[in-house]
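Trainee: I'm new to this one, so please walk me through it. Start wherever you like.

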Amino acid sequence: MSVKQQVIEILAQQAVLEPSDVTLDSTLEQLGIDSLGLVECIFAIEEAFDIQVPFNANDPTDGDFDISSVARIIAGVETLVAEQS
């Protein structure tokens, strides 16, 4: 399974949606994922890929990890996975 597919599945599960309902342009807000849901998504992503996401739950816009859209989250995860290899 690709990084893209796994991230979409994690986000869909958190949003209680089908993966097919999650588009690359979707924002977390559009998916109905709140701040607590976002933290749970980050934990699930870290666990699934064995990475550390540079994320500040107190200030989600602060840091190198862009959570503005599904595509940005996937790109961020792919970068972290590549750096770890």
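This is a predicted model: local features need pLDDT of at least 70, side-chain atom pairs count only at pLDDT 80 or more; totals for chains, interfaces and linings use all residues.

Trainee: Which residues is I45 in contact with, leaving aside its neighbours within four places in sequence?
Mentor: I45 is in contact with V7, I10, D50, I51, V53, I73 and V77. Contact here means heavy atoms within 4.5 Å.

Trainee: OK, back to I45. Which residues have the most contacts inside the largest nonpolar core?
Mentor: I45 is among them, along with V7, I73 and V77, and that core has 26 residues. By nonpolar core I mean a set of buried Ala, Val, Leu, Ile, Met, Phe, Trp, Tyr and Cys residues joined through side-chain atoms within 4.5 Å.

Trainee: Which elements give two or more residues to this core?
Mentor: They are α1, α2, α3 and α4, and α1 gives the most, with seven residues. Helices (H or I, at least four residues) are DSSP runs, as are strands (E, at least two), and they are numbered from the N terminus.

Trainee: Let's stay with α3. Which of its residues are buried?
Mentor: G37, L38, C41, I42, I45, E46 and F49. Buried means under 20% relative accessible area, exposed over 50% and partly exposed in between, with a 1.4 Å probe and protein chains only.

Trainee: What do those buried residues pack against?
Mentor: They pack against α1 (3-15), α2 (28-31) and α4 (70-84). In general, an α-helix has 3.6 residues a turn, so residues three or four places apart point the same way.

Trainee: How far apart are the end C-alpha atoms of α3?
Mentor: They are 21 Å apart, which agrees with the 21 Å that its 15 residues (35-49) should span at 1.5 Å a residue. The expected span is 1.5 Å times one less than the number of residues.

Trainee: And how do α1 and α3 cross?
Mentor: Their axes come within 10 Å and cross at roughly 145°. Axes are lines fitted to C-alpha atoms, for helices over the stretch in contact, with angles from 0 to 180 degrees between N-to-C directions.

Trainee: Which residues meet there?
Mentor: On the α1 side, V3, Q6, V7, I10, L11 and Q14, and they meet G37, E40, C41, A44, I45, A48 and F49 in α3.

Trainee: New topic: the ends of α3. What happens at the start?
Mentor: A side-chain oxygen of D34 reaches to within 3.3 Å of the backbone nitrogen of L36. S35, which is in α3, is exposed, with a relative accessible area of 58%. C-alpha to C-alpha, S35 is 9.3 Å from N58, 23 residues away in sequence.

Trainee: What about just after α3?
Mentor: D50 has a positive phi of about 55° there. D50 lies in the loop between α3 and α4 and is exposed, at 58% relative accessible area. Most residues other than glycine have a negative phi. V16, in the loop between α1 and α2, also has a positive phi of about 55° although it is not a glycine, and V16 counts as exposed at 73% relative accessibility.

Trainee: Where does S69 lie?
Mentor: S69 lies in the loop between α3 and α4, and S69 is buried, with a relative accessible area of 14%. Not counting residues up to four places away in sequence, S69 touches L24, D25, S26 and T27.

Notes: Residues are numbered from 1 along each chain as its sequence is written. Side-chain values use heavy atoms; hydrogens and water are left out. A polar contact is a pair of N or O atoms within 3.5 Å; within protein, one must be able to donate a hydrogen and the other to accept it, and residues adjacent in sequence count only if both atoms are side-chain atoms.
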